[in-house]
Each structure stands twice: as structure tokens, then as C-alpha cells.
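I opened this entry to keep track of what I looked up. My notes follow in the order I made them.

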Amino acid sequence: AAFDFFQVVGPLQESVSSLEKVRVPVISAINGLCIGAGVDLCSATDIRIASKGSKFTIKEVDIGLAADIGTLQRF
């Protein structure tokens, strides 16, 4: 089951990690709520600009699970 799960998560991880591999600076702009996959994507960018009212959350951490797709590895 773990290998089957990796077959699903691997391409998702690669899509987020592709932002880190770009040869030019990648900038993310956050306005409002940034939840789950949004945190994954913006944490993979080089520069993050957030509005004053932006809020970030990773719900997995609130219930004691490891965050998916490497969120905590970047923050």
C-alpha cells in the first residue's frame, strides 16, 4: 500500500518541487487565506509577498499528522 501511495504522491511532490528548479527567481503573491496546497506552492518559491491580512494554515499539523508534499521541509 505504501508503494501505491508513493505512486500518487510522487508526481504531486514533483509538481511542487518544479518551482524550486526554475533557473529564474519565482515570486508568489498571497492575499487572504493560504491553506494546504497553497502553502506548499508558495513555500517552494524564492520570494513570497503577502498582504497584511493574509493567513496561513497547515491543518495536518493541528491534528498531529506530518504535512504532505514536504511543506515543513521548506519553512
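I began with contacts, taking a contact to mean heavy atoms within 4.5 Å. Among those in the protein chain between residues at least 6 apart in sequence, 35% join residues at least 24 apart.

I noted the ground rules next. This is a predicted model, in which local features need pLDDT of at least 70 and side-chain atom pairs count only at pLDDT 80 or more, while totals for chains, interfaces and linings use all residues. Residues are numbered from 1 along each chain as its sequence is written, and side-chain values use heavy atoms, with hydrogens and water left out.

I then listed the elements, where helices (H or I, at least four residues) and strands (E, at least two) are DSSP runs numbered from the N terminus. The protein chain has four helices and four strands, and their pattern along the sequence is α-β-β-α-β-β-α-α.

I looked at helix H1, residues 2-17. Its 16 residues reach 21 Å from first C-alpha to last, close to the 22 Å expected at 1.5 Å a residue; the expected span is 1.5 Å times one less than the number of residues. H1 bends by about 30° at Val 8, and Pro 11 follows within four residues. The bend is the angle between axes fitted to the seven residues ending at a residue and the seven starting there.

I checked burial: buried means under 20% relative accessible area, exposed over 50%, partly exposed in between (1.4 Å probe, protein chains only). Buried residues make up 25% of the 75 residues in the protein chain.

I searched for salt bridges (a side-chain nitrogen of Lys or Arg within 4 Å of a carboxyl oxygen of Asp or Glu). The count comes to one. Glu 14 pairs with Lys 21, their closest N and O atoms being 2.9 Å apart. Glu 14 is partly exposed because its relative accessibility is 41%, and Lys 21 is exposed because its value is 56%.

Where is Val 24? I found Val 24 in the loop between H1 and strand S1 (27-30). Val 24 has 51% relative accessibility, so this residue counts as exposed. Val 24 and Asp 46 are 22 residues apart in sequence and 9.1 Å apart in space, C-alpha to C-alpha.
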